[in-house]
Amino acid sequence: MEHLAGEGNIRIKTFVENGGKFIGFCAGAYYSCGRFEFESGTKLQMAAVRPLKFFPGLGRGAAFRGFDYESEDGARAAPTTFEFLQAYPTLKCPVYWDGGGAFINAHLTSNVSVLASYDAISDESENAAAVLCKVGDKGGEALLSFVHPEYKPNANFPHLFNELNTASPEIEEILFRWLNLIGFSVNQAFERQHPTSPIQLMFFDGLLQSNNMESPTEAFAYATKAYPNTPVEGSSCYELEIPPPIPGAKALKLIVNPDLETLSASPFQIKAYSEALMDEIPLPSHCNSFGSPLLYAEVTTSTQRIFQENRYLLSALPSGAVFVASRQVAGKGRGTNIWVSPLGCLQFSLYLKHPLPDRGASVVLVQYLTAVAIVEAVRTKPGYKHLPLHIKWPNDIYGMSPSSARLNKIGGILVNTMYTKDSCNVIVGKLPPFSQITL
């Protein structure tokens, strides 16, 4: 907030007063009130006058007892009624809440429309959970919410997961309707037509390296028993559907020593991949090298995030594991950028377990080496040997079309590192240049 004081707040307010749109969730909603009060009479109490004043009155919280600043223990699925200014019918459903307040007397405030109210609070003067505020006379609007329809439930919060997961279609619809209300055009078709699919884990040598992939808390759940380290006798394909410990949580589908003919319908040519891998690095030396094992999903959120945010999975995989997806609906880019990539793009993440260097230089070079390797890989394809490729250091790859002199971005590289006691876990992601959404 210190960085916004003065010039920052003036620029935000001027932007909205001149027809801009502003969205504030929870802390952003508190900040946009003319005045706010939080947890009065407790050690967390705060009160202040704020300069934006998109909601000119008082924002007071927390709306419910039990808020815990240090954890999610006080969070809840709050039953809420949503209104949409007659554009859509009223909708009732639980939505994620964690410390949000209420817009006091919002129903009596000029240029303010109540979009949502807490069902558990009967007093109309104290139950407004979300509002739409008209700002200035040039079409400016501020949508402020003390609840979180943008929150995606996951198994990390078992006391919330079931209820919020069941209500996910309604919660998603609320977010889309809100965006439409303030003039945004939202394409709901892509993710709805392509829901995320199971992840298949393939060890081409038939060996599963870890006997424990237990993770009761992560977004993806794994079995809590030891795995066999050889395929089932007499079978060329060993499949195990893992029952998640939390109902509704996603499970990982393991396939060891797969019958690749059964996967021939996959958009990604798994059989061709395995043959190319074995031609490049013949058995048994290809085991635990780049590209093996292979994780594959036809549709996933983000290969990079699944590696990065599921440390139990990562610890069970050997260095060189690669995760390929035919489509991504929330690919991770630089900062808060999100990528949407359809069929036909190549996106993957490579996991490397790198010994800690004396000075760290070799880890830094991974991003540069990856860029060079991708350029060389493209040029090995028939007909592409002389394709004019350029690297924009450190992480973008450009190509020049033969029909024009214009350089076009054909890919990006994202490297995330996580340090352990004696090594550095490096996740190298190759991103496609299809649609970038900057948040």
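## Briefing: salt bridges, a pocket and local backbone features

Lys 53 is partly exposed, because its relative accessibility is 39% (buried is under 20% relative accessible area, exposed over 50%, partly exposed in between, with a 1.4 Å probe and protein chains only). This is a predicted model: local features need pLDDT of at least 70, side-chain atom pairs count only at pLDDT 80 or more, and totals for chains, interfaces and linings use all residues. Residues are numbered from 1 along each chain as its sequence is written, and side-chain values use heavy atoms, with hydrogens and water left out.

**Backbone features**

- Lys 53 sits in the loop between β3 (46–49) and β4 (helices, H or I, of at least four residues and strands, E, of at least two are DSSP runs, numbered from the N terminus).
- Its phi is near 55°, a positive value in a residue other than glycine.
- Asn 105 also has phi near 55°, again positive in a residue other than glycine.
- The loop between β7 (102–103) and β8 holds Asn 105.
- Asn 105 counts as partly exposed, at 32% relative accessibility.
- The peptide bond from Gly 61 to Ala 62 is cis, with omega near -5°.
- Ala 62 belongs to the loop between β4 and β5 (76–82).

**Salt bridges**

- The structure holds six salt bridges (a side-chain nitrogen of Lys or Arg within 4 Å of a carboxyl oxygen of Asp or Glu).
- One of them joins Glu 126 to Arg 60, with the closest N and O atoms 3.0 Å apart.
- This pair links distant parts of the chain, 66 residues apart: Glu 126 is in the loop between β8 (112–118) and β9 (128–135), and Arg 60 is in strand β4 (residues 55–61).
- Glu 126 is partly exposed, with a relative accessible area of 34%.
- Arg 60 is partly exposed at 30% relative accessibility.
- Arg 327 pairs with Glu 298, and their closest N and O atoms are 3.5 Å apart.
- Arg 327 lies in strand β17 (residues 322–332) and Glu 298 in strand β16 (residues 294–300), so this bridge ties together parts that are 29 residues apart in sequence.
- Arg 327 is buried, at 11% relative accessibility, whereas Glu 298 is partly exposed, at 34%.
- Lys 134 bridges to Glu 141, with the closest N and O atoms 2.6 Å apart.
- Lys 134 has a relative accessible area of 43%, so it is partly exposed.
- Glu 141 has 6% relative accessibility, so it counts as buried.
- Lys 21, Lys 134 and Glu 141 are linked in a network of salt bridges.

**Surface patch**

- Val 364, Leu 365, Tyr 368, Leu 369, Val 372 and Trp 393 make a nonpolar surface patch of about 580 Å².
- Patches are made of residues with over 30% relative accessible area and no salt bridge; like charges are joined within 9 Å, and nonpolar side chains (Val, Leu, Ile, Met, Phe, Trp, Tyr) within 5 Å.
- Accessible areas come from the Shrake-Rupley method with a 1.4 Å probe, and for residues only the protein chains shown count as cover.
- Val 364 lies in helix α9 (residues 361–379).
- Val 364 is exposed, because its relative accessibility is 52%.

**Second largest pocket**

- The second largest pocket holds about 2,000 Å³ of space (a volume is the space filled by probe spheres set on grid points, which are joined across faces, edges and corners).
- On a 1 Å grid over the protein atoms alone, a pocket is an open set of points where a 1.4 Å probe fits, with protein on both sides within 12 Å along at least five of seven lines; lining residues have an atom within 4 Å of a point.
- Its lining has 50 residues, and Leu 346, Phe 348, Ile 374, Ala 377 and Val 378 lie nearest its centre.
- The elements giving two or more residues to this lining are α6 (270–280), β17, β19 (347–355), α9, β21 (396–400), β22 (407–419) and β23 (423–431).
- Helix α9 gives the largest share of the lining, eight residues.

**Other sites**

- Ser 302 is in the loop between β16 and α7 (303–309).
- Ser 302 is buried, with a relative accessible area of 0%.
- The side chain of Ser 302 reaches the backbone nitrogen of Arg 305 at 3.0 Å.
- Asn 162 is in helix α3 (residues 158–166), and it counts as partly exposed at 37% relative accessibility.

Methods:
Polar contact = N/O pair within 3.5 Å; in protein donor to acceptor, adjacent residues only side chain to side chain.
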